[in-house]
Amino acid sequence: MRIPEKALIQAPLARYTRYPFRVLAAENGAHFTISELVNARGLFEHFNKKPNTHTQRLVYTDKLESNVGIQLFGNDPILFYKAAIEIEENTSFKFIDVNLGCPKRKVTKTGSGVALLKNLETVSQIIESLVKATNLPITIKTRLGWDSYVLDDLLKIAEDFGVFWVMIHGRYANESYDVPAKRDFLSDIIEKYEIPIIANGDVFSLQDINDYFDRNVSGIAIGRWARGNPLVFAHKEHTTPEERINVFNRFIELHLKVEKTIEKTKYSIPFIKAYAINTVKGFRNSSQIRYEIQRIKSLEDLVTFFSSRITEIVSSE
Ligand SMILES: Cc1cc2nc3c(=O)[nH]c(=O)nc-3n(C[C@H](O)[C@H](O)[C@H](O)COP(=O)(O)O)c2cc1C
């Protein structure tokens, strides 16, 4: 695996960065994509004693994805070890990303996600386990710290174990999206460490992209801006409704491909509607469009809505 110049990466987003979303990002220019966070224990159990359709959907990938990673969360180095072996043997993910950033209570109360930044000894054991278990590249996604800055210690661990990159979301554990993501710390670490740094947080324009690249980062990960709008990876700041509707139709096509491979399942309507709502952001009359999407109950009706009714609403006075 190699990081191209000015790499753009789809940041992991729970309930979004599954196969259809990731393929769209890649088809529009994202150099790497990453699954949403997957529980290391759940993944191991899926491939051993308890297969389940939820995990089956999360681990689905095929040849349309070439630079795709799976993100694991947990706090037990042994489970990371076991999960990594399953990933290498039973899936086609190309790298494994470790979640050191999730601030959700249900994750941190088990000592996982960003809570691991209070316990770098365990982080070190997790990375060591992964490196022993697999030849796949290992990457890290982190925040700046729990409540104090830990990047110096973390980056040393990452370099010692040959981690492929460290992606940094410039906020502390308890900082919400209202607090602007920090960027100024980047110049210091880029000067001090060899390891590639991927910057993340609050990229919503081409100017934001340029600002991060001016700080000499190896890549930029885009999260929320790409929701319903993978054309941002083609450096397109403004998109037409027609372009976005085409993206949505491709999303449905990819979604149906996955669903065909999974038994006993019904279409995941809330998941598709979330994508639909993001697709229409900024459209003319978008509140009317959102209202009608919310009331739709079947995939067929949603497809019909996107093939004709939506254009009617966008062009109505
Ligand atoms: C809905 C949502 C889900 C997210 N899920 C994950 C996740 O599964 N794993 C992770 O490391 N970060 C997750 N994040 C954090 C994003 O990857 C990213 O760090 C954050 O949104 C800041 O980047 P942005 O400003 O480009 O959105 C999530 C963020 C959002 C808004």
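Before going on, the model is predicted, so local features need pLDDT of at least 70, side-chain atom pairs count only at pLDDT 80 or more, and totals for chains, interfaces and linings use all residues. Residues are numbered from 1 along each chain as its sequence is written.

Across the boundary, 14 residues of domain 1 are in contact with 18 residues of domain 2, where contact is two C-beta atoms, placed from the backbone, within 7 Å. On the side of domain 1 that touches domain 2, α1 (19–27) and α3 (53–58) each supply at least two residues. α1 gives the most to that side, with four residues. Helices here are DSSP runs of H or I, at least four residues, and strands are runs of E, at least two, numbered from the N terminus.

Next, the barrel. Eight strands form a closed barrel in the order β1-β2-β3-β4-β5-β6-β7-β8, with parallel pairing. From one strand to the next the twist averages 25 degrees, using lines fitted to C-alpha atoms and angles from 0 to 180 degrees between N-to-C directions. Strands β4 (residues 95–100) and β5 (residues 138–142) pair in the parallel sense over five bridges; pairing requires at least two DSSP bridges. I96 has I138 in β5 as its bridge partner.

G101 lies in the loop between β4 and α5 (105–108). Is G101 buried or exposed? G101 counts as buried because it has 26 C-beta neighbours inside 10 Å; the cut-offs are 20 or more other C-beta atoms within 10 Å for buried, 12 or fewer for exposed, and partly exposed in between, with C-beta atoms placed from the backbone. Leaving out residues up to four places away in sequence, G101 touches G113, V114, K141, T142, R143 and H169. F248 is 147 residues from G101 along the chain, and their C-alpha atoms are separated by 29 Å.

Last, helix α13. Its 17 residues (299–315) should span 24 Å at 1.5 Å a residue, and the end C-alpha atoms are 24 Å apart, which agrees; the expected span is 1.5 Å times one less than the number of residues. α13 bends by about 50 degrees at F306, the angle between axes fitted to the seven residues ending there and the seven starting there. The buried residues of α13 are L302, F306 and I310. An α-helix has 3.6 residues a turn, so residues three or four places apart point the same way. The cover over the buried residues of α13 includes α10 (241–261), α11 (269–279) and α12 (286–295).
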